[in-house]
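Subject: Structure handover and notes

Hello,

My notes come after it.

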Amino acid sequence: DTGPSITVTATAVADTLAVDDDTLGTNATESFADNFTVVTTHSADGDSSETAYSLSVGEGSTGLFDTATGQEVTLTVDSDGVVHGYVTLDEVATDVFTVSVDADGDVTLDQLRVVKQGDTAQNNETTTLGAAELVTLTRTDTVTDRDGDARTDAASINIGTALTFADTGPSITVTATAVADTLAVDDDTLG
């Protein structure tokens with residue numbers, strides 16, 4: 001009995017997920033399923049396959065700072081596999097953003113608090129995590145034939161720098177709306 005085989009490969013650069021602090025609560029979602037290819041050799045006795053996606057976080061400075069507190073954002077993954085970028089307020093972890101992935105490979109970025117932008121001279125700018133490997137997406141595929149032979153393979157892509165946080169700064173325009181008034185003095189009234 002020759003069992004099945006499977007190979008999973010990351011094949012494309014990570015898609016970009018962009019959110020804007022002007023529209024907090026408006027999530028960015030993209031399919032990352034197309035960033036992987038899977039090659040399966042099926043067994044003669046038939047088989048079934050399963051695909052799972054997961055997120056993980058790496059070590060290091062995020063380079064992102066919460067605007068309201070000035071604290072650097074820290075990353076963690078909860079038991080449901082959701083990445084939380086958070087700061088601590090009154091000893092409570094408070095999300096600045098979350099990243100999640102569903103069973104189809106759709107990754108969602110949800111910004112909940114404003115992050116600082118580096119260039120105060122620019123009105124419209126973006127920032128991202130300090131390194132791509134700070135958030136990693138992994139696809140794991142398993143193929144199992146009818147007599148129980150199973151093979152599993154996985155591939156990962158680093159998506160930290162694919163998470164983009166935009167800031168639309170304030171703007172102001174001052175225009176003259178009327179002809180300037182005339183100021184006149186009369187030297188007869190000096191005194």
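The notes go from the overall fold to the sheet, the core and a few loop residues.

This is a predicted model, in which local features need pLDDT of at least 70 and side-chain atom pairs count only at pLDDT 80 or more, while totals for chains, interfaces and linings use all residues. Residues are numbered from 1 along each chain as its sequence is written, and side-chain values use heavy atoms, with hydrogens and water left out.

Overall

The protein has 0 helices and 13 strands. Here helices (H or I, at least four residues) and strands (E, at least two) are DSSP runs, numbered from the N terminus. The radius of gyration is 27 Å, whereas a compact globule of 191 residues would come near 16 Å; the value is taken over C-alpha atoms, and the globule rule is 2.2 Å times the number of residues to the power 0.38. Along the principal axes, the C-alpha atoms fill a box of roughly 120 × 40 × 25 Å.

Of the 191 residues, 33% are buried (buried is under 20% relative accessible area, exposed over 50%, partly exposed in between; 1.4 Å probe, protein chains only). The protein exposes about 11,100 Å², and carbon and sulfur atoms supply 47% of that area (Shrake-Rupley method, 1.4 Å probe; for residues, only the protein chains shown count as cover). Among contacts (heavy atoms within 4.5 Å) between residues at least 6 apart in sequence, 64% join residues at least 24 apart.

The three-stranded sheet

An open sheet of 3 strands has the order β2-β13-β10, with mixed pairing; two strands pair if DSSP finds at least two bridges between them. β2 (17–20) and β10 (124–128) each have a single partner strand and stand at the edges, so one side of each has no neighbour in the sheet. From one strand to the next, the twist averages 25° (axes are lines fitted to C-alpha atoms, for helices over the stretch in contact, and angles run from 0 to 180 degrees between N-to-C directions). β2 runs parallel to β13 (residues 163–168), with 4 bridges joining the two. In this pairing, D20 of the protein stands opposite A166 in β13.

The nonpolar core

Which residues touch the most other members of the largest nonpolar core? They are F97, L137 and I159, in a core of 30 residues. Such a core is a set of buried Ala, Val, Leu, Ile, Met, Phe, Trp, Tyr and Cys residues joined through side-chain atoms within 4.5 Å. Elements giving two or more residues to this core include β2, β5 (47–57), β7 (83–89), β9 (106–111) and β13. β8 gives the most, with 4 residues. Leaving aside neighbours within four places in sequence, F97 is in contact with residues including L64, V73, L109, L129 and F165.

Loop residues

Most residues other than glycine have a negative phi. D90 has a positive phi near 50°, and E91 has one of about 65°. D90 is exposed at 77% relative accessibility, and E91 is exposed at 79% relative accessible area.

G148 lies in the loop between β11 and β12 and is partly exposed, at 48% relative accessible area. G148 and D47 are 101 residues apart in sequence and 8.9 Å apart in space, C-alpha to C-alpha.

Regards
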